[in-house]
Amino acid sequence: KVLDNHMSAVLGVAFSTSERKMMTGGRDKVVSVWDMDTYELLKTVPVYEYIESVVCVPGVGLGVSQGTSSSDLFVSAGAKGSIRFWDAASMKPVHAFDIDSVADHHSEDSAKHAEDVLATTISHLVLTPQDDGQLALFAATAEHNVHMYRLHHPSSTASTAASTSTS
């Protein structure tokens with residue numbers, strides 16, 4: 001079966017086992033959500049940036065937003081350096097933030113601006129469990145950095161992802 005909805009290269013695929021959904025993202029600046037039982041397209045969400053990577057965060061209550069209705073979250077990242085969390089059940093955005101980068105220092109020089117845009121591009125996302133039971137989201141960028149974001153459970157005092165950057 002071919003799942004056909006994207007108009008450009010698909011660069012990210014993630015699965016939610018509890019919701020039986022698949023999220024795909026690519027260079028056409030949309031995220032597509034598929035039902036894995038029927039293989040039907042459920043939703044197309046415009047995200048206004050090239051999507052380079054998507055992952056699924058399993059489990060309830062990571063503290064990224066109040067009111068998430070599902071047990072899983074999808075995370076998308078792309079060319080603008082934005083990391084977006086989506087409720088897997090509703091596919092509504094529940095949290096977003098931009099990575100810290102040299103691109104925060106805007107330049108009038110168009111060549112420098114192009115370098116800044118490339119510097120914020122997130123090329124890969126990887127989700128890993130930590131020894132303390134928390135999860136860490138690693139985001140690799142085109143500027144040769146890896147940013148680590150700890151995803152906190154509700155029992156934690158923080159309600160959003162915390163960042164640690166490594167070069």
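The dialogue below discusses how to read sheets, cores and salt bridges in a predicted model.

Colleague: On what basis are the features of this model reported?

Modeller: This is a predicted model, in which local features need pLDDT of at least 70 and side-chain atom pairs count only at pLDDT 80 or more, while totals for chains, interfaces and linings use all residues. Residues are numbered from 1 along each chain as its sequence is written, and side-chain values use heavy atoms, with hydrogens and water left out.

Colleague: How is a sheet read, and which strands form the open sheet here?

Modeller: Strands of a sheet pair through backbone hydrogen bonds, either parallel or antiparallel. Strands are DSSP runs (E, at least two residues; helices are H or I, at least four), numbered from the N terminus, and two strands pair if DSSP finds at least two bridges between them. In this model, four strands form an open sheet in the order β5-β6-β7-β8, with antiparallel pairing. Strands β5 and β8 are the edges, each pairing on one side only. From one strand to the next the twist averages 15°, where axes are lines fitted to C-alpha atoms (for helices over the stretch in contact) and angles run from 0 to 180 degrees between N-to-C directions.

Colleague: How many bridges join β6 to β7?

Modeller: Five bridges join these antiparallel strands.

Colleague: Which residues of the largest nonpolar core touch the most other members?

Modeller: A nonpolar core is a set of buried Ala, Val, Leu, Ile, Met, Phe, Trp, Tyr and Cys residues joined through side-chain atoms within 4.5 Å. Buried means under 20% relative accessible area, exposed over 50%, and partly exposed in between (1.4 Å probe, protein chains only). The largest core has 17 residues, and V75, I83, F85, I122, L125, L137 and Y149 touch the most other members. At least two residues of this core come from each of β5 (51-57), β6 (73-78), β7 (82-87), β8 (93-98), β9 (122-129), β10 (135-141) and β11 (146-151). Apart from this core lies another, of 13 residues, among them V31, V33, F74 and A88.

Colleague: How many salt bridges are counted, and where do they lie?

Modeller: Side chains of opposite charge can pair when their charged atoms come close. A salt bridge is a side-chain nitrogen of Lys or Arg within 4 Å of a carboxyl oxygen of Asp or Glu, and the count comes to four. One of them joins D37 to R20, with the closest N and O atoms 2.9 Å apart. D37 is in the loop between β3 and β4 (41-46), and R20 is in the loop between β1 (10-16) and β2 (21-26). D37 counts as exposed at 51% relative accessibility, whereas R20 is partly exposed at 41%.

Colleague: Are E49 and R84 buried or exposed?

Modeller: Both E49 and R84 are buried. Their salt bridge has its closest N and O atoms 2.8 Å apart, and it links the loop between β4 and β5 to strand β7, 35 residues apart.
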